[in-house]
Amino acid sequence: MGKSEHNSCRQGWQQSLIDAAATRQLGAELAALLLAEGPRLLLLQGDLGAGKTCLVQGLAQGLGIGEPITSPTFALAQHYSGQLAGRSTHLVHLDLYRLEQPEAADELFAQEDEEALELEAVLAVEWPERLGVIPTPAWQVHLQIDADGRRALVQAPDC
């Protein structure tokens with residue numbers, strides 16, 4: 001996961017996640033990367049139960065957000081605020097699972113993306129494959145269930 005001395009561009013990586021704590025830890029690590037390097041857009045893919053919301057819980061923890069993070073499947077979007085190193089942080093958690101029409105997903109994403117930009121928030125999007133076009137630049141995490149727990153495939157933004 002180390003950064004190259006000569007190149008500020010990050011490559012992707014794979015990581016085994018043996019339990020929920022490891023998944024939350026990856027989320028906390030990603031929070032630091034999103035705040036330091038940007039963009040502040042994180043796209044989360046994976047089957048139901050793969051750990052997307054668990055990863056967002058870690059992301060929130062890494063952003064200094066203390067309130068409970070739940071899946072916004074029915075609300076579609078949740079907004080959270082916190083404090084980190086004396087500075088306000090914000091998280092917008094979007095779940096597009098219930099939006100089967102790309103137009104509806106695109107419209108909701110555009111609204112939430114605009115608000116996230118105004119707040120300088122991290123925008124975490126579950127089920128981005130519901131969108132008509134995958135937004136870039138963005139960090140992407142694909143979570144897979146395997147025999148040892150879960151595996152995360154992390155893709156850094158295009159450089």
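Apart from residues within four places of it in sequence, Lys52 has contacts (heavy atoms within 4.5 Å) with Leu44, Gln45, Gly46, Asp47, Glu126, Trp127 and Leu143. This is a predicted model, in which local features need pLDDT of at least 70, side-chain atom pairs count only at pLDDT 80 or more, and totals for chains, interfaces and linings use all residues. Residues are numbered from 1 along each chain as its sequence is written, and side-chain values use heavy atoms, with hydrogens and water left out.

**Lys52**

- Lys52 belongs to helix 2, residues 52–62 (helices, H or I of at least four residues, and strands, E of at least two, are DSSP runs numbered from the N terminus).
- Lys52 is buried but forms no salt bridge, and Glu126, the nearest side chain of opposite charge, is 4.6 Å away (buried is under 20% relative accessible area, exposed over 50%, partly exposed in between, with a 1.4 Å probe and protein chains only; Lys and Arg count as positive, Asp and Glu as negative, and His and the chain ends are not counted).
- A polar atom of the Lys52 side chain lies 2.9 Å from the backbone oxygen of Gly46.

**Salt bridge**

- The whole structure contains 1 salt bridge (a side-chain nitrogen of Lys or Arg within 4 Å of a carboxyl oxygen of Asp or Glu).
- The salt bridge joins the side chains of Asp146 and Arg151, at 3.6 Å from N to O.
- Asp146 is partly exposed because its relative accessibility is 28%, and Arg151 is also partly exposed, at 24%.

**Aromatic pairs**

- There are 2 aromatic pairs in the whole structure (ring centres of Phe, Tyr and Trp, the last by its six-membered ring, within 6.5 Å; planes under 30 degrees apart are stacked, over 60 edge-to-face, the rest tilted).
- Trp13 and Trp139 are paired edge-to-face, because their ring centres are 6.5 Å apart and their planes stand at 70°.
- This pair links distant parts of the chain, 126 residues apart: Trp13 is in strand 1 (residues 13–17) and Trp139 in strand 6 (residues 139–146).
- Trp13 is buried at 14% relative accessibility, and Trp139 is buried at 1%.
- Tyr97 and Trp127 make a tilted pair, because their ring centres are 4.8 Å apart and their planes stand at 55°.
- Tyr97 is in the loop between strand 4 (87–95) and helix 3 (102–119), and Trp127 is in the loop between strand 5 (122–126) and strand 6, so the pair ties together parts 30 residues apart in sequence.
- Tyr97 is partly exposed at 30% relative accessibility, whereas Trp127 is buried at 11%.

**Nonpolar cores**

- The largest nonpolar core has 28 residues, and those with the most contacts inside it are Leu30, Leu42, Leu59, Leu91, Trp139 and Val141 (a core is a set of buried Ala, Val, Leu, Ile, Met, Phe, Trp, Tyr and Cys residues joined through side-chain atoms within 4.5 Å).
- Elements giving two or more residues to this core include helix 1 (20–37), strand 2 (41–46) and strand 7 (149–155).
- Helix 1 contributes the most to this core, with 6 residues.
- Not counting residues up to four places away in sequence, Leu30 touches Trp13, Leu42, Leu55, Leu59, Trp139, Val141 and Val154.
- Another core, of 18 residues, lies apart from the largest one and has Leu96, Leu99, Leu108 and Phe109 among its members.

**His142**

- His142 sits in strand 6 and is partly exposed, with a relative accessible area of 30%.
- Beyond its neighbours within four places in sequence, His142 is in contact with Gln45, Gly46, Arg151, Ala152 and Leu153.
- The C-alpha atoms of His142 and Leu59 are 15 Å apart, and these residues are 83 residues apart along the chain.

Definitions and conventions
A polar contact is a pair of N or O atoms within 3.5 Å; within protein, one must be able to donate a hydrogen and the other to accept it, and residues adjacent in sequence count only if both atoms are side-chain atoms.
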